[in-house]
Amino acid sequence: MTTRIENVSRRDFLKAGAGLTLGLVLPGAGSALAATAKDAPQAEAAFAPNAFVRIGTDNRVTVIAKHLEMGQGTYTGLATLVAEELDADWAQVMVEGAPADAKRYNNLLWGPSQGTGGSTAIANSFDQLRQAGASARAMLVQAAAARWKVPAGEIRVRAGVVSHAKSGRKASFGELAEAAAKQAVPQEVRLKDPKDFTLIGRHVPRKDSVEKTTGRAQFTQDVKLPGMLVAVVAHPPRFGATVRTVDERAARAVPGVLRVVRIPQGVAVLARDYWTAKKGRDALQIDWDDSAAYRGSSEQIFADYRKLAATPGRVARRDGDTDKALAEGAQALDAEYAFPYLAHAPMEPLNCVMRLDAQGCEVWNGEQFQTGDQYTLAAFFGLKPEQVKLNMLFAGGSFGRRANPAADYVLETAHIVKAIRGEAPVKLVWSREDDMRAGYYRPLYLHRLRAVLDVQGKPLAWSQRVVGQSILAGTPFESAMVKDGVDATSVEGAANLPYAIPNLQVELHTTSKDVKVPVLWWRSVGSTHTAFAAEVFLDELATAAGADPVAYRLELLGAHPRHAGVLKLAADKGGWGKPLAAAKSGKRGRGVAVHESFNTFVAQVVEVTVAPDGGFTVDRVVCAVDCGIAVNPDVIRAQMEGGIGFGLAAALSGAITLKDGVVEQSNFHDYPILRIDQMPKIEVHIVPSAQKPTGVGEPGVPPLAPALVNALFAATGKRIRTLPIGEQLKA
């Protein structure tokens with residue numbers, strides 16, 4: 001494969017690299033085993049042929065990762081792409097987070113914007129970073145050929161060694177780096193045939209494991225700057241409320257509290273450490289103005305949504321004549337599915353460090369949306385975007401929370417910095433309670449479905465109405481992703497239902513103007529609810545038709561072989577059709593679901609045991625995934641396992657509820673994550689593929705909940721249509 005790579009100026013790149021802040025390098029922490037560049041002595045940048053790779057005279061290869069590492073394995077995957085085409089030794093490869101620069105590091109699937117999300121990191125980088133590695137390799141070969149005076153075509157590169165068999169000459173990358181930098185950048189490079197891959201598709205150790213398991217990894221919470229103040233903010237208890245009056249005296253009386261400032265988001269208390277700032281924040285006496293606040297409840301929202309669901313919405317998909325067909329079928333089925341608000345609740349609560357001086361603004365953050373945050377801060381401070389420097393650190397999870405078009409907590413930090421006139425760097429810290437009660441949420445949704453079957457039991461018509469808030473309204477994405485009043489993220493997974501149903505209509509009611517609860521994408525976005533509604537309802541149709549759920553699906557998936565492929569694989573590996581071992585007490589059941597999200601196809605078979613009192617355990621999950629070429633099978637398995645655990649926690653007990661406009665949950669005691677003894681046995685099977693890779697960070701989540709409740713139905717005969725499952729089997 002021959003292709004071209006657009007190379008940036010090496011001189012400009014080095015100038016940009018020289019501007020990177022080195023203040024986070026721990027003195028003495030570097031070692032030859034360090035896997036990320038910030039945790040090792042900086043290699044001399046003798047050779048930087050493009051924006052993504054740098055080779056030092058010390059033989060280290062530094063891959064510049066344009067995407068955030070938040071636990072999903074991005075640093076490893078991106079480095080693998082470069083190292084594969086470079087033919088580097090995996091041990092010599094380090095990874096460094098890229099600065100904010102959409103010209104060099106834009107997400108190719110998002111247009112001129114840098115950011116991480118939508119399971120796009122590997123998908124948008126696959127060709128680009130392979131080209132970067134191949135370009136560097138070609139220049140090393142050119143340098144060796146010139147030095148040894150041999151034809152370049154006779155030179156071989158393997159595991160970081162450049163060699164010429166006839167002359168017996170050998171050299172490391174480091175020995176050739178300076179000479180390579182003087183070679184012409186190739187206009188075209190030939191990429192490897194996949195049969196020649198030595199790293200892609202193989203086991204390679206993660207690049208962030210050592211740092212994270214030894215505590216050397218640098219997160220925002222680890223950043224300490226000279227003179228830095230820590231800020232904690234008192235946010236309104238109700239969305240839309242503002243500060244009417246504040247009595248600061250008790251807060252200022254707390255020893256160590258240095259500043260109290262009002263900002264649009266609330267009142268910030270600053271001290272030298274978090275605990276002092278928090279004590280000061282908790283001592284504030286604030287009279288909140290609730291005149292414009294939202295004071296509804298979850299029950300009221302559901303009631304309003306049910307009224308809307310009884311009326312036609314905006315059409316997102318229309319095949320055939322659904323209204324007519326619904327009146328003609330031999331058997332009709334109706335169902336309503338309800339989904340609560342959900343919190344992102346990453347393990348690392350939100351935080352951000354910011355410094356403002358005459359040169360501009362510098363930020364340290366688990367930065368997921370560089371371009372949005374950079375331009376927001378530039379506009380706020382009256383700076384040029386290039387005067388806003390973003391240092392991308394590790395993030396301890398995100399699930400979408402840190403990719404906020406409103407730049408909420410980043411902008412909040414800016415307000416505090418501005419309020420103190422930039423007199424000191426500021427670290428803003430949100431506690432988990434702060435984020436769970438005043439953050440952003442996966443919207444609450446209601447689905448109403450109606451279908452009719454023909455005399456053979458096949459679906460003749462399918463009508464689906466979705467009601468919920470838009471996560472795109474009012475954002476820069478609205479113009480591109482909201483068409484004719486339909487928010488594409490609200491109906492993804494429903495509007496592209498793969499089953500062959502001749503009359504199919506999907507409608508949407510968007511309620512963003514009526515409910516003031518801030519909403520944001522949550523891991524797997526729309527598929528978190530559409531997959532559940534579709535896959536549970538289809539199970540209900542199969543039951544009504546007296547058909548096997550897997551066979552019923554396969555009969556309707558004739559035009560979608562990748563859906564069918566993962567479904568067959570999961571069913572086969574899951575022992576579908578074979579009897580389950582009897583439980584010592586209670587009943588056992590097996591359920592299935594298949595779903596496509598972010599161009600990745602996943603099917604899961606779930607086994608459960610239900611006790612006589614309605615309690616149950618999830619015993620086993622068999623997962624089949626088709627994500628194109630498996631760049632790193634270990635990371636794919638880990639992402640499927642993580643997605644299953646994440647989805648299981650939400651299915652079992654995840655719910656943010658409102659009462660009089662106040663969020664009732666606050667932390668993991670009443671918004672539990674999955675405990676280790678709840679984690680089922682998981683098997684992940686990857687479909688071999690020659691297709692370009694797609695994402696794996698999110699697609700493991702959607703099938704879990706429908707496969708689980710389908711399994712519970714198989715065990716008990718009781719349908720669950722409202723999430724979370726909670727105690728419904730005990731009712």
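Where is the place of Phe598? Phe598 is in the loop between β28 (587-597) and β29 (600-610). Helices here are DSSP runs of H or I with at least four residues, strands are runs of E with at least two, and both are numbered from the N terminus.

Before I go on, this is a predicted model, where local features need pLDDT of at least 70, side-chain atom pairs count only at pLDDT 80 or more, and totals for chains, interfaces and linings use all residues. Residues are numbered from 1 along each chain as its sequence is written, and side-chain values use heavy atoms, with hydrogens and water left out.

Now the backbone. Most residues other than glycine have a negative phi, and most peptide bonds are trans. Phe598, not a glycine, has a positive phi near 55°. Its relative accessible area is 22%, so Phe598 is partly exposed; buried means under 20%, exposed over 50%, and partly exposed in between, with a 1.4 Å probe and protein chains only.

Asp87 also has a positive phi, about 60°. Asp87 lies in the loop between α2 (74-86) and β5 (93-97), and is buried at 6% relative accessibility.

The peptide bond between Leu723 and Pro724 is cis, with omega about 0°. Pro724 sits in the segment after α20 (704-716).

Last, helix α4, residues 121-148. Of its 28 residues, 22 are buried, so α4 is largely enclosed by the rest of the structure. α4 bends by about 40° at Asp127, the bend being the angle between axes fitted to the seven residues ending there and the seven starting there. After α4 comes Lys149, with a positive phi near 55°.
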